[in-house]
Amino acid sequence: MKGLALALLGALVAAVLIMAFVYFLDVILGLALFIGLGIIIGMIIIGIVVFVVMFVALFYYLAAKKPKVEPGEYKLEEAKGKED
């Protein structure tokens, strides 16, 4: 009788340990899912922001006026160098 009672008690303890492990694993996987989704959503938002900034910068660069260099005679005094 003692052997049967101890076997049932051991099975009960093993079942409780397995259920605790499964519950703990569920909590860990839930946190991992939450953090993973947060990271993915954050990366998408950062990617969209970077794309918009680069898109605006592209048109700003294209619209910026560049100085025209026309052929002609230049004097040495008109050159900008290390002394300026």
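Trainee: How much accessible surface does the protein have, and what share belongs to carbon and sulfur atoms?
Mentor: The accessible surface comes to about 8,600 Å², and 78% of that belongs to carbon and sulfur atoms; such areas come from the Shrake-Rupley method with a 1.4 Å probe, and for residues only the protein chains shown count as cover. This is a predicted model, in which local features need pLDDT of at least 70 and side-chain atom pairs count only at pLDDT 80 or more, while totals for chains, interfaces and linings use all residues. Residues are numbered from 1 along each chain as its sequence is written, and side-chain values use heavy atoms, with hydrogens and water left out.

Trainee: What percentage of the residues is buried?
Mentor: Buried residues make up 0% of the 84 residues, where buried means under 20% relative accessible area, exposed over 50% and partly exposed in between (1.4 Å probe, protein chains only).

Trainee: Switching topic, how many aromatic pairs are there?
Mentor: The structure holds two, a pair being rings of Phe, Tyr or Trp (its six-membered ring) with centres within 6.5 Å, where planes under 30 degrees apart count as stacked, over 60 as edge-to-face and the rest as tilted.

Trainee: Why is the pair of Phe-51 and Phe-55 stacked?
Mentor: Their ring centres are 5.9 Å apart and their planes stand at 25°, so the pair is stacked. Phe-51 is exposed at 56% relative accessible area, whereas Phe-55 is partly exposed at 43%.

Trainee: And which kind of pair do Phe-55 and Phe-59 form?
Mentor: Phe-55 and Phe-59 are edge-to-face, 5.0 Å centre to centre with 80° between the planes, and Phe-51, Phe-55 and Phe-59 form one aromatic cluster.
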